[in-house]
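The following paragraphs lead through the structure shown below. The reader may wish to keep the sequence and the coordinates in view throughout.

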Amino acid sequence: MTRFTRLLPNGVRRAFRLPQSRERLLAEMDAEVRAHFEMRVAELRARGLNEPEAEAEALRRFGDTEDFRAHTARRATRRARSDGTVEWLTDWTQDIRFAARQFNKHRAFTALAVATLALGIGANAAIFTVVHRLLISPLPYPDGNHIVALTMDGDERALQSRSGPAILAAWQARAHSVESIAAMSVRAIQVQDIEEQDTIPAFITSNFLHMLGVKPALGREFRLDEERTDAGVAMITYHLWQRSYGGRADAIGAKIQAEGKPYTIVGVTPPEMGAPISLTGTTSPLHEAAPSIWLPGQLDSIGGNVFARLRAGVSAQQASKELQSIAATVPRHAIPPPPPGRRAPPMMAQRTGPLCCAHAIRAQDLVDPAEARAVEILFVAVAVLLLIACANVANLLMARAWTRRREFAVRVALGAGRGRLARLVLTESVTLALAGGLFGIGIAWETLRIILALRPPALANLAGVHVDAAVLLWSVGVSVFTGILFGSAPALLAGRRSVGDVLRSETRAGSGDGASGRMRSTLIVAEVAMSLVLLAGAALLVQSFIALQRVPLGYDPHNLVAMDILLPMRRMSPDERLGFERAVLTRLQGTPGVSEAAIGTLPSEPYQIHGMTLETEADAAGQSRSIQDFSETTMSPNYFHLARMSLVEGRLPDSAQWTRAIVPDPDANAPPEEIVINRELARRLWPNGGAVGARLRKGIMGTSQYFAVVGIVEDIRLPGRGVIGGPGIYQLPLPVEIPLIARLSNGAHLTASDLRRIVAQTDPRPVAQTVINGDDYLRNALAPTRFAMALLVAFAVVALMLSAIGLYGVIAYSVSQRTREIGIRVALGAEPSAIVGLVARSGLTLAIAGALIGVVVAAGATRTLTSMLYGVRPGDPVTFVSMALLVGVVAVLASFVPARRALRIDPIEALRAE
Amino acid sequence: MSRDTSDLLHGTLDLLVLKALSWQPMHGFGLSKWIEQQAGDELEIVDSALYKGLHRLEDAGAITSEWGISDNNRRAKYYSLTARGRQQLRAETVTWKRYVAAVTGILETA
């Protein structure tokens, strides 16, 4: 026996050996030395020595026995410690090598399994990348989750008000929850730059880069003392550096002109430099509007957006609380009520909300809920897809486990325990999954490119996204997890069969293995059910998307461009500002390609007014109605015509009032300013009609001002978002911040630079800020739905394909198991149709069971889609029935192929074989 | 001439063991006999040093051991060379020859 084991290769011996204990090792060494002694004594006796002499000589030749005993003790301890791990590791590498050999032998199986897993894991990794970037860690800066935007009273501009500097100073001095506070702003100054390109300067505090956690790409940051003095230094953006200086190092030290003053370039900001958190909503200003030069400024005078880096371990809520408690101690300047007959500028009005809260806002907090929802749904969908992939591979493995049962039985006979076998199977499946994960990362990369092409607005900054360490880690984690998941079923089965049974039993035919067969059928039913859920969800979204595109918007977004213009209040007198308004409109009107120009925002983007009330006059019974939040649009009289908005009742405001707003009117009894309201506001304040001709009061800090309602305009709706801005009023403009809008003639194209040039040619002082295109806006508004729909459809189709492959596999396998039975039937004269029916029936039974379960689950699951659906209900019966039918048709096709193969079985061959 | 082997360099004993095992697997006693025979009884191996050497080589992965039955029907532990041991033998043989040549060169000329 021992001679026999000596002949076995080392690997086999090791495979079944237990880790050795210290006692065992000691005993072994002892036995070895004892054997040596016996042989030595025997040899010496043979040379003629007597017993005591021989033993004494043997002992002498052995040397220092004490020293040797110490040696064996040390060795036993050392080996017992390392053996456990070493055994495991050698077993493990052995298992992996064995798995690799298996895969090499069964290439088709391996390819199918790896491809299936790659699809599942790849889709998962891609969506995880999006989830990670959108919801977990949106800012591409070191510890980006610690960066917040600071606001007061729910308005980012509150910190620019008269109380702002005092609050900021108090925060800087006393807040412990933030590491640093920095600000960035775009200011109304002009820069004459090299090559006469558009260059927009922005001010940053000297600690801005430090707050973001980035380093200059070249040169240095601003110093603190440069904030306070007129140091004449500037940093330029990476983009400008590349464009105008060709990325050369000599850009440092170059001079650049701004407002007639020279600035020396001291540094280049890195490409990822920018305002980390945009509080302006979902609009996407064109890239050209981004600033390209940075000038140093002080935190309290920059008047821009304020950002902070939170201390590690501090949550945004905790920071908000502390900042609020500090801000509460700062005396606030009340905004003086406007003199009678003069309107408060809308921006100021926004600032007068309840003096309440300091807010630290994370980028995550600003994600459009619709978009976050879409991503969450997709995340669940890819998880389901992965489960289907797992079920498929588990099925493949179980089919193979059946053919491998002899191998397992032999292993058990050689002493491998159930645990050892399970580990072998799991090693195989995890190796498979990791291979799938490897290809999956490639698939993730491609999927990401598709996602970027669909590009929902919140993912706009995803452009530079890549498969990063977090995503790689995730993919590996998912791979190992799926490997264990789909491997556990075959692993359980592997240990279950009794050795004798398998070795004795004939391999061929019959019922197959009961447990394995049941498990495989269950998996198929689950797969079909899960696919149906995905299909139903996808179908509902497709219908919603179609319905959404038919929603009447209330305006025509086509060929609209809009831009905000900031008028510097101190450097332009009211008359100059009014003059500018008229002049820029005339110039815009005269620009080739522009068919009409007006003052006003995109109809879908009115100013939102919070914390102010609109109230009707008291009626005869002394009752009045009021609402709290509303939207406000300033507009020139031709605005409705330009936007193609229809006046449903009444007339436009008297355009003679246009100049009134800025001329203080000493006569408080002058007729009230005329406004138009939207249908929603009319419905809310005058449910019984009679809005036109009524008077409306806008409350500002205890004072109020009456408006006369002269007309009602149609509501503006956006697909999936209802009435935009809610109740709204339309009034003639106040020349503070004027929005410009133009409708271009068909085919005309006007870039952001063109528009800014028109403004600059009219007057160099105002600055054009954001430029938005009406079509883009609409596309962005539809993006979350389109994004969710496209991906869910893709995932559902893949899921259906995988289920079909799984079903096909099971049917084909059962045909191969039943070859003998079918052969007998054919020999006995069964009709071909009966054979096809026999085979296809088993497939269809599984598919129908799956579809039924799927419909029930989908009825519940699609309810989570409710907020994304439009014009169709979650449990829509037509959708469900048609998807169930689709699944049925696919199931028939998947079963038909193996059924046809069953027909070709030659009865003689089938009966003769084995 | 009989000589105590405790002053034999560790490396030398290892080298001899590797060389011996390159012929066939052997147990410790057999090794001791083989080396003494090959050296024409010029060397007497201290047995404990031999076993320490064997254990050292086994722990380093140069040789492996397996229980077997000796020619006169005794249970004994047989050692055999691994691939790594074979490589070590080749490398150390070369080193040893150079070393001896260098030392001999010095002794004969000086």
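How many residues does the contact take from chain A and from chain B? In this predicted model, chain A contributes 19 residues and chain B contributes 18 residues. On the side of chain A that touches chain B, helix H1 (2–7), helix H3 (22–46), helix H4 (51–62) and helix H5 (65–105) of chain A each supply at least two residues. The most is given by H3(A), with 7 residues. Sorted by class, this side of chain A comprises 9 charged, 5 polar and 5 nonpolar residues.

Chain A is considered next. Its secondary structure consists of 28 helices and 25 strands. The chain has 914 residues, of which 41% are buried. Among the contacts in chain A with a separation of 6 or more, 85% are accounted for by residues 24 or more positions apart.

In soluble globular proteins, nonpolar side chains tend to be buried together. Here the largest nonpolar core has 111 residues, and the members that touch the most other members are A:Leu385, A:Leu532, A:Leu534, A:Leu792 and A:Phe795. Helix H14 (residues 369–403) of chain A gives the most to this core, namely 21 residues.

Which residues does A:Leu792 touch, not counting residues up to four places away in sequence? The partners are A:Leu378, A:Ala381, A:Leu534, A:Gly537, A:Ala538 and A:Leu541. Of these, A:Leu534 is itself listed with A:Leu792 among the core members that touch the most others. Two further partners of A:Leu792, A:Leu378 and A:Ala381, fall within the range 369–403 of helix H14 of chain A.

Helix H14 of chain A also contains A:Ile388. Is A:Ile388 buried or exposed? It counts as buried because it has 29 C-beta neighbours inside 10 Å, where 20 or more are required. Leaving aside neighbours within four places in sequence, A:Ile388 is in contact with A:Glu527, A:Met530, A:Ser531, A:Ala799, A:Leu802 and A:Ser803. The C-alpha atoms of A:Ile388 and A:Val528 are separated by 8.5 Å, although the two residues are 140 residues apart along the chain.

Attention now turns to chain B. Its 4 helices and 3 strands follow the pattern α-β-α-α-β-β-α when read along the sequence. Of its 110 residues, 29% count as buried. Among contacts in chain B between residues at least 6 apart in sequence, 53% join residues at least 24 apart.

The 3 strands of chain B form an open sheet in the order E1-E3-E2, with antiparallel pairing. Strand E1 (26–27) and strand E2 (63–69) of chain B are the edge strands, each pairing on one side only. Between E2(B) and strand E3 (residues 75–81) of chain B, which run antiparallel, there are 7 bridges. One bridge pairs B:Ile69 with B:Arg75 in E3(B).

Finally, helix H4 (residues 83–109) of chain B has 27 residues. Its reach from first C-alpha to last is 40 Å, close to the 39 Å expected at 1.5 Å a residue. Why does H4(B) lie largely in the open? The number of buried residues among the 27 of H4(B) is 2, so the helix lies largely in the open.

Terms used:
Residues numbered from 1 in each chain as written. Chains lettered and ligands numbered in written order. Predicted model: local features only at pLDDT ≥ 70, side-chain atom pairs only at ≥ 80, totals over all residues. Expected span 1.5 Å × (residues − 1). Buried ≥ 20, exposed ≤ 12 C-beta atoms within 10 Å, placed from the backbone. Core = buried A, V, L, I, M, F, W, Y, C linked by C-beta atoms within 7 Å. Contact = placed C-beta atoms within 7 Å. Nonpolar A, V, L, I, M, F, W, Y, C, P; charged D, E, K, R; others polar. Pairing = 2+ DSSP bridges.
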